[in-house]
Amino acid sequence: MPDDGDRARAFLAGTELCFEEADALWQRLKKAGELSLARRVLEQVRDSHCLLDGLPANSQVKRRLCQQEALLTSKDPELGSTLRHDAALRILCEVFDDLDDPAHNVDAETLGIAGGIVKRRWLELGQSDDLRRAARFYGRAAQGPVGVDAYPHINAAFVEDLLARAGDDADARGARARALRERIVAELPLPAAVPPDKAWFNAMTRAEAHFGLGNHAAATEAVATCPQRPEPWQLETTARQIATLAHLQTDNPLEQPEIRAFFEALLPGASSAVRSSLIGKVGLALSGGGFRASFYHLGVLARLAELDVLRHVDVLSCVSGGSIVGMCYWLALRRRLSEANPLEHDDYLQLVREVMQHFLDAVATDLRHSVQPSKAAAAWRLLRGEKGVLDPELAAQKLEDIFYRPLLNWTASNGQARARPFMHDLRFRPADHDPKLTQSNDFNPTQHNWLRAHKVPVLVINATTVNTGHAWQFTPTWMGESPWAMHEAADSIPRLEWSTYEPQAGWQMELGRAVAASACVPGVFAPLQVASAYPNMRIQLVDGGVHDNQGVVALLAHDCNVLLVSDACGQLLLEEQPKPGPAGLASYAQRSMDTLMERVRLAMHGDLSARQLSGLLRGLMFLHMKAGLDADPIRLKFSQASYTLDRRTHSPSGVRKDFQQALAELRTDLDAFSLDESHALMACGYQMCGWSFERCLARLKKNLASAPKRHEWPFKAMLGEITSTAAKTPRRDEILADLREGKTVRL
């Protein structure tokens, strides 16, 4: 018998249903969390397509369907963040005209939905005007009766608190939030007077009202007396909103016994979910930058392992060199999570150490030179129209054979090595998956991670589509162009639809080819071709860094609000004497591209900083290799300005500036790196991560990190060199000379 997903797809393809069947279908899909599919079914219902008996003429039914389509449109992950919320408001206006008209003040449900739409828009885009508009919608809706769940009233109080924290008329907004909650406590019907299907929402509104008033014990009682529980995704939404309130009340909610008791009552048997809700959703981004970036990221992973932070990572977004090493780490973690014995802090230390040694051995094979053709063959490739000297298909095969197969133990049932692993083969069910807790036998990290003590990071490998200029992403579940970063007002190029893998239709991607696409540096590698399932299209992919070299967009698209960004990409350097004449044309073009990439990086950092200041992000650690280096103005020859330079040998992170400068200028290539180069990069990432974590995530430290466990890493001696305060060491000059020589690509 077909399931609801199959029924929905058949209906969308043209199979007719009566209204009652189709109406029940989208509601079941919504309850199961299939929001995009539910929206499309409901859209077709409202258009009367494929309905045997047509759409009822009842105006109340039409109002309900309009409200629900608007709600689902705003929540649909298949639609771009700059499109779906505005589209949702337009849908509401099809029936409800001008939402700002005071005549609608009596329609609390519609105003509440409108408030939710613009609140979600604020969460994704960070515009404070949206939050103020949400407050107005909710506030108008809250003028009416509280009903059985006081939905607009409790959300109005929540938004007023957010605006008060942001300093927007704080006293008045704080007073309004308190008055709304006091009214809810006084007027909300008792559970015995509420229909069974509304009992949970009634209890949670009462609990959140008490919680917001600081009556944590009363909030706990309200939850404990309600035996019902909603779907896990609905429970997660509730838990995260109240967790935000907890953070507004205190910097360290887990240290407050009454707050912890509340969340333990809300999430019985799921102590890990308590911590997840209060920490937030953690995303780790590993930037591009060749093997230079890869080794730097290994040092970052080592320090995060010591702090026991890696178990909290919900999303791992990787670009280029970050994809090469990120895939190694994810595969090693996948193998360990498939084992029956539970993970401990020491397991992450050992896992990173094993990945580190494996990566050192793999890089020593010299990937670039193993795929680099002779000069004659390279010239012939260019003459016959190839757009790069190196073949990405050969690089993909080498990546699989050298970097990934040893971590996969990839064999078929007959004991023979399988031809090639595909991205869709990477999906797995952790050994400790608990179907009773998740209400599902299947494991889905986006739905179930928040309930786990040791997360299975959602893996995102980022590339760029040549055809459209958009970001293309690979995950173990789907591939295609993510709609999240689409800005319809400024981008008229169509988006290539993403989809879950369909191997029988040829919609699949080999693991090595996905990583190779992410690292396909334009001009060096030819673009990687994708067997196109799009009509009249020949899809070509290049390095993910062309679109987003830090991999941050994927973290924001997955609603991460604690961001750990390791940025070891190529940095724009001072050029004192540009090359003259035709010989300098290539470097001139490259300089223009590097300038643009630097501007994009700075804009991304500015956007993240603004999100943190607005409260959208609970924590932000943004590492980059030039942090703390000197950037003094270059004085005119005739300048009369007097100044004193305060020169220190070490940057604020504790790394010697001479070493840090040399590492920041090291080549971003995929060739073999010397042991000094690789150890220095890892030591630098380790040291800078430790310093930045203490500086940037101090408020979250007690919840996010455990007591650090120092480990004997292979780069220990080099760490001593790059942080040494001694006037001279036996190897300093030798190591610096080696690093400075490594600035040039080795042909």
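Ala 150 sits in the loop between α7 (128-141) and α8 (151-165). The model is predicted. In it, the phi of Ala 150 is near 50°, a positive value in a residue other than glycine. Ala 150 counts as buried, because its relative accessibility is 0%. Cys 50 also has a positive phi, of about 60°, although it is not a glycine. Its place is the loop between α3 (35-46) and α4 (59-75).

Now to the charges. Side chains of opposite charge can pair when their charged atoms come close. The structure holds 44 salt bridges. One of them joins Arg 63 to Asp 107, with 2.8 Å between the closest N and O atoms. Arg 63 belongs to helix α4 and Asp 107 to the loop between α5 and α6, so this pair ties together parts that are 44 residues apart in sequence. The two partners can be looked at in turn. Arg 63 has a relative accessible area of 28%, so it is partly exposed. Asp 107 is at 11% relative accessibility and therefore counts as buried.

Glu 187 pairs with Arg 183, and their closest N and O atoms are 3.1 Å apart. Both lie in helix α9 (residues 170-187), 4 residues apart, about one turn of the helix. Glu 187 is partly exposed, with a relative accessible area of 42%. Arg 183 counts as partly exposed too, at 23% relative accessibility.

Asp 671 and Arg 667 form a further salt bridge, the closest N and O atoms again being 3.1 Å apart. Asp 671 counts as buried because its relative accessibility is 1%. Arg 667 is buried as well, with a relative accessible area of 2%.

Some charged residues join in a network. Asp 129, Arg 132, Glu 160, Asp 168, Arg 173 and Arg 176 are linked by salt bridges in this way.

Elsewhere, like charges gather. Asp 97, Asp 98, Asp 100 and Asp 101 make up a patch of negative charge on the surface. Take Asp 97 as an example. It is found in the loop between α5 (81-96) and α6 (108-125). Its relative accessible area is 55%, so Asp 97 is exposed.

The aromatic rings come next. The count of aromatic pairs comes to 17. In one of them, the ring centres of Phe 295 and Phe 359 are 5.5 Å apart and the planes stand at 85°, so the pair is edge-to-face. The cut-off for that label is planes over 60 degrees apart. Phe 295 lies in helix α15 (residues 290-306) and Phe 359 in helix α17 (residues 345-363), so the pair ties together parts that are 64 residues apart in sequence. Both Phe 295 and Phe 359 are buried.

Trp 472 is in strand β5 (residues 471-474), while Trp 507 is in the loop between β7 (499-500) and α23 (511-518), so the pair ties together parts that are 35 residues apart in sequence. Trp 472 and Trp 507 are both buried.

Return now to Phe 295 and Phe 359. They belong to one aromatic cluster, together with Phe 291, Phe 403, Tyr 404 and Phe 673.

Conventions. Residues numbered from 1 in each chain as written. Predicted model: local features only at pLDDT ≥ 70, side-chain atom pairs only at ≥ 80, totals over all residues. Heavy atoms only, no water. Patch = residues over 30% accessible without salt bridge, like charges linked within 9 Å, V, L, I, M, F, W, Y side chains within 5 Å. Areas by Shrake-Rupley, 256 points an atom, 1.4 Å probe, with all protein chains shown as cover. Salt bridge = Lys/Arg side-chain N within 4 Å of Asp/Glu carboxyl O. Lys, Arg positive; Asp, Glu negative; His and termini not counted. Charge placed at Lys NZ, Arg CZ, Asp CG, Glu CD. Helix = DSSP H or I, 4+ residues; strand = E, 2+ residues; numbered from the N terminus. Buried < 20%, exposed > 50% of the residue type's maximum accessible area, 1.4 Å probe, protein only. Phe/Tyr/Trp six-rings, centres within 6.5 Å; stacked < 30°, edge-to-face > 60°.
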